[in-house]
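Please open the model in a viewer and keep the sequence panel at hand.

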Amino acid sequence: MPEIAAVEEALELAISALEDGGERRPGQRKMCQAVAETMESGRHLVVAAGTGTGKSLAYLVPLVLGEGPSVVATATKTLQDQLVDKDLPQLAAALDLSVRFAVLKGRSNYLCLQRLKEHADDEQLSLAIAEGPRVEINRLAAWAQQTDTGDRAELEFEPSPAAWDALSVSGRECPGAQRCPSGPVCFAEKARHRADAADIVVVNTHLYCLHLFSDTPILPEHDTVVIDEAHGLEDIVSDTAGLSLTGGRFDELARSIRAVVAESAVAGDLEDAGMRLREALAPFRDKPLPAPLPGELQRVAVVARGRVEQAAVELRAVPDGAPGDVAPRKLRAILSAGALAEDLNRAVEAKPSEVAWVSGTEAAPAWRIAPIQLGDLLRQRLWDHTTAVLTSATIPMNLGEVLGLEPDEHRAIDVGSPFDFEANGLLYCAKHLPDPRNPGYEPAVHEELAALIEAAGGRTLALFTSYRAMDRAAEVLRAQLDFEIYSQRDLPKPELLRRFAAEVESCLFATMSFWQGVDVPGESLSLVTIDRLPFPRPDDPLLEARRERYGSEAFRLVDLPRAATRLAQGAGRLIRRGNDRGVVAVLDSRMAKAGYRWELVRSLPPFPRTAERDRAVTLLRMIRDGV
């Protein structure tokens, strides 16, 4: 493991080389040392690293100097690509080290050469696809001759779902290199080979959790894992350790079977089973499923399982030596049927330690299963085997407790941010507003927003906890104000953010997906407003089950950490660079009155605080006027 002195020296070299000899950040140094100590001791680490800390470099330096293989799991594929294409190569060059690193993504992110070959060889497969996607498939075929990786992220155009789905496979239907005719040249397998030989493997957190809960390892053995943006880890673990069963999976299996048996006797029955499953799930959408299961759902599931088994029998009857590429198609369909049958069995026989509920849309309800308590699962699969560093700008300090870590086996630290929040920002809590449950709340919020936006001269990111509240505020304020007000519904997210950044006096009204991942530094943003404290829905079935488990501790362990994290994410949109200035306005009086308010305040950057609108208006006008 790297020595602390060597890590500190390497960090200094890296900062000088990568950041033009820029500022030394105490929080970055502290985090770097903590990661190195964690790798040495094996004691897990939870570290909050505020905006501007440079946390990527803080954990990459110890990993690069470390001896054993390591994994970095990130929240997005974009950050994955940045680490592998930019940060790691530059760091290795700055330290004059030979470091092997690789990015690994889920199989569906790589073009499948076997499916491409099947489309080229079978005119019927091609004709079954609409003309638009067929043109895209031809472009993808040309690209396949040029690319070394087959990684979708390298495409210069965004293929339609129909085109990409035709030429990719999921992990549950891929037979693996040994059983696929295109295995020796498979892009996904090449990516796995590069990962097996790497010192540092970069993946997204979803794939890492699939690795944890898979009976067949996806990643090479490793000593240390860094999970970046770890505030979302609990939800990702719940998704990957559970299952999602939809009628669409029956439709997909039917299509796979028809690609093997053109006049299939069971494909239509599978589609009927999918339709019946949708109908049986519809009454329970957004509700927990009772135990034992309702009689109709139980009957539908039993019939569906029988039809999947019939499909497997039909597929196995197809000779392995059938002409063309029937054999690999047959194998993929059999694997897909097996995965569907396994999930049906698990759904029908859910354990007392799991919660079952229905999510999704009215047209596509999903039967969901997830573990109620994650600690034991993570202990078996992660904590007892691999040293973990969990980091984020907005990570709750009790995350280790929530995820089953004992106090003596992990350390939790907050290394702060290099930004001068006390000089450059203000947290305004609108204490005078009615309680959000009061009928007078909505008009009062609109009046408050109008006054603040006028003072700021536009330049506002208004964050809402619901579409209804966003739509109503946009409607009212567009009629009152002269500033351009963009709504999340108006344009795709990238174009909305481009216009908001370019048009200095514009406003952007948005909901939950804009509370994170929005980076608009400079004069275009000086006011972030938050309409309500972002507590999770009280009727969320999974969280309801966890509340029951925690009893009197539920609010502290379930609701408050989630609200604090989301609030910190929203407030974090304001100060993105060292010279940014502005106001975060929370238009929920509970932020200034509730007994739990200090837990929320402590999750935010250390802004000066006020409950006086005049003080917020004065600062906004000064920023608007360049004072």
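## A loop residue to begin with

Select Glu-229, which at 25% relative accessibility counts as partly exposed; the term covers the range between buried, under 20% relative accessible area, and exposed, over 50%, with a 1.4 Å probe and protein chains only. Glu-229 lies in the loop between strand S5 (224-227) and helix H11 (233-241). Helices (H or I, at least four residues) and strands (E, at least two) are DSSP runs, numbered from the N terminus. The phi of Glu-229 is near 50°, a positive value in a residue other than glycine. Most residues other than glycine have a negative phi, and most peptide bonds are trans.

Before moving on, note that this is a predicted model, in which local features need pLDDT of at least 70 and side-chain atom pairs count only at pLDDT 80 or more, while totals for chains, interfaces and linings use all residues. Residues are numbered from 1 along each chain as its sequence is written, and side-chain values use heavy atoms, with hydrogens and water left out.

## The whole chain

The C-alpha trace spans about 80 × 60 × 50 Å along its principal axes. Of the 627 residues, 55% count as buried. Contact means heavy atoms within 4.5 Å. Among contacts between residues at least 6 apart in sequence, 76% join residues at least 24 apart.

## Helix H1 and its two partners

Next, select helix H1 (residues 4-18) together with helix H4 (residues 77-95). Two packed helices are described by the angle between their axes and the distance between the axes. Here the axes are lines fitted to C-alpha atoms, for helices over the stretch in contact, and angles run from 0 to 180 degrees between N-to-C directions. H1 and H4 pack at an angle of about 115°, with their axes 9 Å apart. They are therefore roughly perpendicular to each other; angles of 65 to 115 degrees count as such, under 35 as roughly parallel, over 145 as roughly antiparallel, and the rest as oblique. The crossing is right-handed, a term for the near helix being turned clockwise from the far one by less than a right angle, with anticlockwise making it left-handed.

Show the side chains at this contact: Ala-10, Leu-13, Ala-14, Ala-17 and Leu-18 in H1 meet Gln-90, Leu-91, Ala-94 and Leu-95 in H4. These residues comprise eight nonpolar, one polar and no charged. In this classification Ala, Val, Leu, Ile, Met, Phe, Trp, Tyr, Cys and Pro are nonpolar, Asp, Glu, Lys and Arg are charged, and the others, Gly among them, are polar.

H1 passes H2 in a right-handed crossing. On the H1 side the contact is made by Ile-4, Val-7, Glu-8, Leu-11, Glu-12 and Ile-15, and on the H2 side by Gln-28, Arg-29, Cys-32, Gln-33, Ala-36 and Glu-37. The contact of H1 with H2 has six nonpolar, two polar and four charged residues.

## Helix H3

Is helix H3 enclosed or open? Select residues 55-65: 10 of the 11 residues of H3 are buried, so the helix is largely enclosed by the rest of the structure. Among the buried residues are Lys-55, Tyr-59 and Pro-62.

## Further single residues

Go to Pro-292, in the loop between strand S7 (287-288) and helix H14 (295-316). A cis peptide bond joins Ala-291 and Pro-292, with omega about 0°.

Select Ala-337 in helix H15 (residues 326-348). Ala-337 counts as buried, at 2% relative accessibility. Not counting residues up to four places away in sequence, Ala-337 touches Leu-253 and Val-308. Ala-337 and Glu-173 are 164 residues apart in sequence and 8.6 Å apart in space, C-alpha to C-alpha.

Continue to Asn-398, in the loop between strand S10 (387-392) and helix H17 (399-402). Asn-398 counts as buried, at 17% relative accessibility. Beyond its neighbours within four places in sequence, Asn-398 is in contact with Arg-556, Leu-557 and Pro-561.

Finish at Arg-459, in the loop between helix H19 (441-456) and strand S13 (460-463). Arg-459 has a positive phi of about 50° although it is not a glycine, and at 10% relative accessibility Arg-459 counts as buried.
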